[in-house]
Structure formats: C-alpha cells, structure tokens
Amino acid sequence: MEFSSRARLKHARLAGDRREQYPHSLQFYLEPPMESISLVEFESFAVDRLKLLKVIENLGVSHVRGTDVYKSKLESELRKLKFPYRALAEDDYEARRKDHISHFILRLAYCQSEDLRRWFLQQEMDLFRYRFNELTESLMQKFLEHANLSFEAVSMARERDAAGEPGGGGGSPPVGLADAVDLFRARKVFIKDGFAYVPFKEIDVIVLNNYRTKLSKALALTARSLPSIQSDERLQPLLNHLSHSYVGPDYSIQKNTGKISLEQIDALSVKSFPLCMRQLHRALRDSHHLRHGGRMQYGLFLKGIGLTLEQALEFWKKEFIRGKVDADKFDKGYAYSIRHSYGKEGRRTDYTPYSCMKIIMSNPPSQGDYHGCPFRHSDPELLKQKLQSYKIPPSGITQVLELVKGVHYQLACQKFFELTHDVDDIGFSLNHPNQYFTESQKLLNGGRELKKEFNNSGNFQQKNNSQESTNSSSTPTSSNAKADTELEGLEAYFTED
Amino acid sequence: MAPFEPAALPELLPVFYRRLFPHGPYGRWLSYGGVKNYFQLREFSFTLRDDVYLRFQSFSSPQELERELQKINPYKIDIGAVYSHRPNQHNTVHLGAFQPQEKELVFDIDMTDYDDVRSCCSSADICSKCWTLMTIAVRIIDRALVEDLGVRHRLWVYSGRRGVHCWVCDDAVRKWSPALRAAAVEYLSLVKGGADTVKKVNLSHPVHPFIRHSVNVVEKYFEEYALRGQDILGSPEKWDKVLALIPEDILPCQGRAKDSVQRWELLRARLERTRGRPAAQGPCYADWEVMLQFCFPRLDINVSKGLNHLLKSPFSVHPKTGRVSVPLDLQRLDQFDPFAVPTITSLCQELDTANSDGEQEDGGATEPKRRTRDYKKTSLAPYVRVFEQFVEGMESARRGERIRRSDLQGDF
C-alpha cells in the first residue's frame, strides 16, 4: 500500500517524529512547508538563505567549483548561517527545516521575472550539486530511493549481462530513459528494458538534470500565482525587498561622522573612492553640476563616508555656484533636497546610500548622466581608456574587461580595488560603494580607522525603525506589532489548481 | 489478375472501404480501451483525388469514421496526433491552446535512403534483392525496441511501395516528448552523413552492446545479401567503394580471390587480425563499419521526432502502386515478398470470384455480417489476422493491468 508523501509527512508531524519529516540533509523541495511560521522567522530564514546564495554566486566565480578551497568556504558559510552542512549530522532537524522553508520563501521572491528565476535556479543548482557530491555512496543510494527518481524497483532476479559493458550495470541503479536522455541518445550507458543503468560517476548529472527540470517547472508554476502573491499584504513588501535586497551593513548610521574634511575629498576620490564615485566627483568638479541621479548616488555616498549635513551643503553649494547656479537658487532648490536626504525634510522613499546591486540594477544613466556603475553602464572601450588613464597595467585591464564581459560587475570593481591598492586578494566580497571606501581606508591607514559597527540592518523591519519614514505600504509598522503573527496558507502558491 | 490502374481507384475505393477495410479492429486499436476521449481527439487526414488534402479531421466514434470513409472514399489516410481539443474544432480554440498531446512513436524506413549502397535499383524502385535491407532493418530495430527500450506493442507495416513503417503503441511511449523521441532515433542511428561523406559509420572503443547486437543481425544476412546479391566486391569500381572505408595500411591482396565472397573473407581475416593490434585510436572495427554502412537501417528523424507528424495509416491504399499497407508478420519476416502484397484491384477481383462462388451459403446472413466477413475471403485475411493479434495483445495487456491494480487496492 502506498501513502502519499503528504499524508506521510503530516502523520509524522503529528506523531512528533521530527526525523521522519526530514530524513535526509538533502531534498528536492517537492512539497511546500505546511506549518505556520512567524513573520520574524519568515524574514530571517529568507535573508539567511539569500546571503548563502550570494556567497555561492561569488564563490562560483572566484573559485573552480568542487575544489577544496571552494568546498571549505561554502561549508563554513553553511555552518555560519545554520544550514545543513554535513550529511551525517543526526540532529539536524532545525537546519533542515530552515533549509526547506527558506527555499520556498525565496521561490516566491525569485519567480517574478525571467532574470530572477535564472539567477535563483543557478545558485540553487550549485548548492544542490555541492551537497549531493558530499554524500557518501550509501547515503546517495538512500537519497535516490527516497526521492524516487522515477525508477521502479527492478527485481534482483532480472539478469543483467552488463558486466564489463560501457556504462556499468552490476550495482548501478536503473534510471528512466527520460532522466538520462543525453547518455541514452549518445549510447554512453547500458540500456535494458526501457531503463538506463548509469554508473555512479555519472549519476550526479542525471540527478542534477532532474532537479533543474523540477525546480524550473515549479518556478514557472509559482509565477502563475504571482498576482495573488503580490496582492498578499503580508508578503508583498517583504518579497520585493528580498529580490532587490542588499544584505549587509547599510551605512545609514556612521561612527565617523565629521571625521572627513572637505579638503580631503579630492585626494580621497582618487585613493579610496570606487570608480563610480570617482567618476561622479570628477564630473562634478569639471561641470560644476550633476543631474538628479548623480546627486542622489554621490550625495548619499558622501553622507555614508561621514559628511555632515553642514559639510554637504557647503560642498555642493561651492561647486554649483561655480557653475550656472546662483546662491539664491541653490538655497531654494538644491539645499532643500540635500537636507531632505539627511532626513531633515518631509518624508523620503529611501535615503540610505545605494548598494552596488541598486546602482547596477536601477535607473540606468542616459546622455549627460554620470551615475550608475561604470563596469555595467560604460562602453567597454571607454572603460578601457579610463583605466589606462589611471595607469592600470594592461594585464589588469584585460582581467577587468573579462569580468565585465562575464557580467560580473562587482567582481570587476573588486579587481579594480586590487589593482589600485596593489593587493592580490581583496579579502572581502564587494557589495556597496561605502564598503569599498571603508576597506580602502582601512588598508591605507593600517586598520586604525573605522570598526565595523554599522547597524546590520539586512532585516527589513529594523531598517524601517532606523529611518523616520515609512514605505508607501503600511504593512511594515503594523507587522512590527504583530511580530509573532503566523503566516498561513502559503502552500497554495506552490500548488497547481 | 489484372494489373493495377490508378484511374480505377474511384471505382474500387468504395468497394474497399465497404467490404475490405478492417474497421472493427482498426477502431479498437485507436480507441485504446476507451480512455479519456482518445479517439475523438485524434487527427486524421484524407487525401482525395487530384491531391485534395483535408487535415484536422476527427470523429466521435469508430462508427462515425467508418461512415465517413465510406462516404468520402479517400485515396489515402494519414494518422496524426491526439490533440488537446477535437481537431475538427481547432479553429474555435485560442491560438496556442490547441496542442498535440500524445502519439505513437513511429519510424519510417525508406529504400531511397540506401541509394548509395545498393546497385540493383535506385529511388522508388525495389526488387527482391534489395528488399533484404528492410528485413535487416526490421530485425535490428525491433530487437532494440523490445530488449533495450522495453517496448511491447509495436506494429510493423509495409508502406505500399518502397519501405516499412513501425508504430510503437505502448501507453508510456505515446506520452514521450519530442526530445525523448529524437534521442531514441539517435540511439538507433549509426549511419551518419550525406552525399559528401564517404565513410558514414565510425565506431570507437568501447563498442556499445546495441552495436554488437546489430552487427550480429547483419552478419546473418551479409553474405547472401551483400556479397552475392549486391556483389559489393565483384568489380574494381565496386570494391573501390568498400576500400574507401578501410584504413590505408590494410591492403587486401586480391590475387587469389575470385569473387566477392572470397575477397571479403581475406579482407575480414586481415581486419580481425589487426583488431588486437594496439593503435593510437584503439582497436580497428573497419569490417563492422563496412557491414553497417551497407546494411544498417537508416531512419528519418523528422518522422519520429514531432508529435504532430502525420504518417500513412495501416491498411491505406498506395495511390501509385495500388498495394495495401499491410502489417508484417514478424514470425514470417524472411518470407515477406512486397510483390505478393495484394493490390486493391486484385482484392476486388477476388471478391467478385468469391461472391459468385459462395452466394448460396450466405442466404440467411445479415448484411453487416456478410460485409465483415468479406475480407476473409481474400488474400487480405492473413494480414488482418496479424493486425487483430496486435490489437488483442494490447487489450489483454490492459485487462491484466486492470486486474493487477484492483488487486492492489483490494477491490473485488
């Protein structure tokens, strides 16, 4: 007799057998979590998984997948974030549960566009591949049986004249032809009675293909529930935040406010500003003006490095007056918006300094703009010339351009950091222009400077608390009060009507 | 027996569809046990006189199909896929919503694809000498379908002129995606390359069991077909073609050999000796490569890949030859003679003869019964028998499956 897997899980939960629910450290995420969870857990799980996937993305470009350094770095990240990292760990229930739930939450956030789906799929595949390959052979067998990878139990009485044939037999599990299409078509594997007998060393290809197909379909299915997801008041702000989020210090509260003097800015712009801000500063000095996008991006950056409001007003006014703006006009117009961005006027959508993700993904520059990310938005030829003018060695330029071609803009900036600071390894994962500045200063000043005591407000709720404004949606403040509210009924988004 | 004349078709087809076409088993086949509107969603296409072509025909029941066939008397019937909606209503469906859902996996093996390796005939012609290629093809592919792919229900059919078709009807296979069908064709393909390619078969070590099984089949026919029949080593210009496929450093000595058979022996022996010799690319399989290039089946991937591909129906008449597309009896495959397949003309003549003989017997029989028994009086009978066995095979498998499932559920 067969129980459906859902019935079995429910039964297990009721019986209190936690291990039955998650018998393996690895899973295909076929069934959405059916329990209720608190809003707090919902967010923190999602944010942690997002951190994990971003680490995986970075590792995947900086190291060859599967090498020891890749594996050890990934393992330490998994441990840090409390995800399952070792297949054998017996009492892994909490980690497995977190893994399960966080995966499904991110599905909601990342099903929303083709780009997001592709990104999510790629990172989840890498994560799965790593974890699958870490399994011992016997655990692998158990997992495959549990996952019911479309093979039926082949009775042992069936003769297999497979010994010595290409592609194994003798102990290889039979796999349905549909799951081994590439091996089947190319005759790379032994076929009998409609099954392919895949040797263990090829089995991960099959399993991964299977996983990719399943997840891809599931994402498409979830995307169909998009309208209802987006109108779900509990979720919409959280999920939007996740899919555009930068997860790390937001540089909204500075410890070193007032430690920078205006006279230092020119020198700092060459030594410690990331290319985007250096470019903006240069443009400001040259044309005594910046358009709105540039003012926002650069102005908030300056706030992040410690410029006070008074300094900012002085800085911008001095420059703009050199241009076509007279003092009066400045005080009436531009000054207001500077005060605004320091939180002294009205309400604002977001006035934390922009992260790399935000700069790269939103508000691309047009003719006459100088904001954006040069690695993303500049013509590669122009970028090359600019790097040459900064006396970057040709081999370095080539490396940077390669990364740009591979769409790794932040890595290109990291490379730029390494080349301009003459270090081999930047030592951190670049996510934010202010981070670039801080690290650069640390390096140049021998670490005397700032300690990383920034408010770690990857958490959406806390971020709102530290700002005086609220988002257009009213949920965040109310959700604050309902911190223990349970989220129910989400599994409807994951199932076919 | 009068020869077939295409001009006679309009007169003969009504007789054919009334008294010869096996509507009964045909309808049972395509109903597949009456599952979920399968028959109603199936596309048929008819070709009428003057090449008028009607696509997206569909019918509510096998009886309705029978009535329509007898009304329209098409020159040719094609079978297409089972669609998401009734094909004859496809214009009422939202663009993109009308999609093929399932279809048999089909193969079409055409003698013209072998023109580069047969010297007796070319293009649409066939003879008893080259027909062996079809026999070899059926044996190789059928073995692979059954033993490797685990298929049970397949119907091999003579196309009516110069080739054979295969209809694979297992439930699971009918659901295969185009990608999986293409993969199956590739699995079954060894001869690659067009007019520009001289050496079309290249084997590398290790050799997959499928290839070894196929070589075993070819070996059974090779001497008779290739060496005697086609005489592939019989003259310098002929054996040049063979030598073009063999590595240069293995020169056959022609001196003592007098005919293709002897020459092949020498060549073969030499090649087998070198097989053990360590070479940069691994053992040499040139003898197998030659045999396969001359004999291995050549499939058209386009026929098999797409769900919406239309293929000539079994028991359809070939408008140019008049021959009926009859099922092949695998037990008697080697004895099959395409020139002995009944034409619509000969069948109608047989009916005339039979009627004048047996009129007294059927005095009390009702009309439909007499009609259904009619084909039994003709040379079509054994072919219909093969078809009925095929349909019965599927029906009994379905019964067995139902019993097994109800056992599992504890039903009574």
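Chain B exposes about 19300 Å², and carbon and sulfur atoms supply 49% of that area. Accessible areas here come from the Shrake-Rupley method with a 1.4 Å probe, and for residues only the protein chains shown count as cover. Please keep in mind that this is a predicted model, in which local features need pLDDT of at least 70, side-chain atom pairs count only at pLDDT 80 or more, and totals for chains, interfaces and linings use all residues. Residues are numbered from 1 along each chain as its sequence is written, chains are lettered from A in the order in which they are written, and side-chain values use heavy atoms, with hydrogens and water left out.

**Chain B as a whole**

Chain B has 14 helices and eight strands; these are DSSP runs (H or I of at least four residues for helices, E of at least two for strands), numbered from the N terminus. Of its 412 residues, 52% count as buried. Buried means under 20% relative accessible area, exposed means over 50%, and partly exposed lies in between (1.4 Å probe, protein chains only). Taking contacts (heavy atoms within 4.5 Å) in chain B between residues at least 6 apart in sequence, 69% join residues at least 24 apart.

Helix α16 of chain A covers residues 327-341. Its 15 residues reach 20 Å from first C-alpha to last, close to the 21 Å expected, where the expected span is 1.5 Å times one less than the number of residues. At Tyr334(A) the helix bends by about 40°, the bend being the angle between axes fitted to the seven residues ending there and the seven starting there. Tyr334(A) is also one of the buried residues of α16(A), which include Phe330(A), Ala335(A) and Ile338(A). The buried residues pack against α14 (292-305) and α15 (309-322) of chain A. After the helix comes Gly343(A), with a positive phi near 85°.

**Salt bridges**

A salt bridge is a side-chain nitrogen of Lys or Arg within 4 Å of a carboxyl oxygen of Asp or Glu.

| Pair | N to O distance |
|---|---|
| Arg228(B) and Glu223(B) | 2.5 Å |
| Glu224(B) and Arg228(B) | 4.0 Å |
| Glu401(B) and Arg405(B) | 3.5 Å |
| Glu186(B) and Arg185(A) | 2.8 Å |

Arg228(B) pairs with Glu223(B) and also with Glu224(B). Glu224(B) and Arg228(B) both sit in helix α7 (residues 209-229) of chain B, four residues apart, about one turn of the helix. Arg228(B) is partly exposed at 48% relative accessibility, as is Glu223(B) at 37%, while Glu224(B) counts as exposed at 54%.

Glu401(B) and Arg405(B) lie four residues apart in helix α14 (residues 381-409) of chain B, so about one helical turn separates them. An α-helix has 3.6 residues a turn, so residues three or four places apart point the same way. Glu401(B) is partly exposed at 27%, and Arg405(B) is partly exposed at 46%. In chain A, salt bridges that share partners join Glu35(A), Glu41(A), Glu94(A) and Arg97(A) into one network.

**Where the chains meet**

Chain A and chain B bury about 1400 Å² between them, 63% of it on carbon and sulfur atoms. Buried area is the accessible area (1.4 Å probe) that two parts lose on being put together, summed over both. The contact takes 15 residues from chain A and 23 residues from chain B. Across this interface the rule finds one salt bridge, and Glu186(B) and Arg185(A) meet in a salt bridge at 2.8 Å, N to O.
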